[in-house]
Structure formats: C-alpha cells, structure tokens
Amino acid sequence: MIKILRNLGPRSAEMLARAGIVSEKQLRTLGSVSAFLAVKGAGCSPSINLLWALEGALSDRDWKDVARTDRLTLLTQLEDAEKRKGQTV
C-alpha cells in the first residue's frame, strides 16, 4: 500500500490514487518524476515537495534530505520530461 511508504501520507496517497497509482510496484515502475507528472495530469496541484517525498519513498530517505541532495537532478529530469510532453513546469 502506498501510504505506508516513507514520506507518503493520506493526502499523497489520495493524489497518487487519482492518478491510478495505488501500489508500491506501480510507483517504482514509474519513478518519482513520472509519478509526479501523472498526479499533475490527473488534475491535482501538487507542490514540488511531493516530488521530493516520492523520491524519498523510493530510496527510503527523508524528503528533506532528497530536497537538499537531489533537487537539481530531479528538477532537471522534471523539466526534460515536461518538455517532451509539451508541458510547462
């Protein structure tokens, strides 16, 4: 179940479910950036903190650590993915 993963609570689980992501396996298959984009595509308005939380859930790290150490990499991946889809950040 998604909400038992580190950093993900009921609100995050609800947004992921709206995007059709209801299992850890689905989240791992998509990865944090694609899952974040799926949440946005489902009509939710997640803050960028959800991206940090998703990456932290997948790597078993606190979201604040992810924000400190992986911010630039994740934002670059997000920007690239959105450009490929013709979206904006």
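Predicted model: local features only at pLDDT ≥ 70, side-chain atom pairs only at ≥ 80, totals over all residues.
Close-up 1. Residues are numbered from 1 along each chain as its sequence is written, and side-chain values use heavy atoms, with hydrogens and water left out. R28 and E24 form a salt bridge whose closest N and O atoms are 2.9 Å apart. A salt bridge, for these legends, is a side-chain nitrogen of Lys or Arg within 4 Å of a carboxyl oxygen of Asp or Glu. Because the two residues are 4 apart in helix α2, about one helical turn separates them. Helices are DSSP runs of H or I with at least four residues, and strands are runs of E with at least two, numbered from the N terminus.

**Close-up 2. E82 and K40 join two helices.** The side chains of E82 and K40 meet in a salt bridge, at 2.8 Å from N to O. This pair ties together distant parts of the chain, with E82 in helix α4 and K40 in helix α2, 42 residues apart. E82 counts as buried because its relative accessibility is 0%, whereas K40 is partly exposed at 30%. Side chains of opposite charge can pair when their charged atoms come close.

**Close-up 3. The end of helix α2 at G41.** G41 belongs to helix α2, which covers residues 24–41. With a relative accessible area of 64%, G41 is exposed. Between G41 and S23 there are 18 residues in sequence and 18 Å in space, taken from C-alpha to C-alpha.

Close-up 4. R6 makes a salt bridge with D60, and their closest N and O atoms are 3.6 Å apart. Distant parts of the chain are linked here: R6 sits in the segment before α1 (10–18), and D60 in the loop between α3 (48–59) and α4 (63–85), 54 residues apart. R6 is partly exposed at 39% relative accessibility, while D60 is exposed at 55%. Take a look at the backbone of D60 too: its phi is near 55°, a positive value in a residue other than glycine. N7, also in the segment before α1, has a positive phi of about 80° although it is not a glycine. N7 counts as partly exposed, at 23% relative accessibility.

**Close-up 5. Helices α3 and α4 pack together.** The axes of α3 and α4 are 9 Å apart and meet at an angle of about 110°. That makes α3 roughly perpendicular to α4, a label for angles of 65 to 115 degrees; under 35 is roughly parallel, over 145 roughly antiparallel, and the rest oblique. Axes are lines fitted to C-alpha atoms, for helices over the stretch in contact, and angles run from 0 to 180 degrees between N-to-C directions. Residues in contact (heavy atoms within 4.5 Å) include I48, L51 and W52 of α3 and W63, V66 and L74 of α4.

**Close-up 6. A network of salt bridges.** R61, D65, R68 and D70 are linked in a network of salt bridges. A search of the whole structure finds 8 salt bridges.

Note on methods. Buried < 20%, exposed > 50% of the residue type's maximum accessible area, 1.4 Å probe, protein only.
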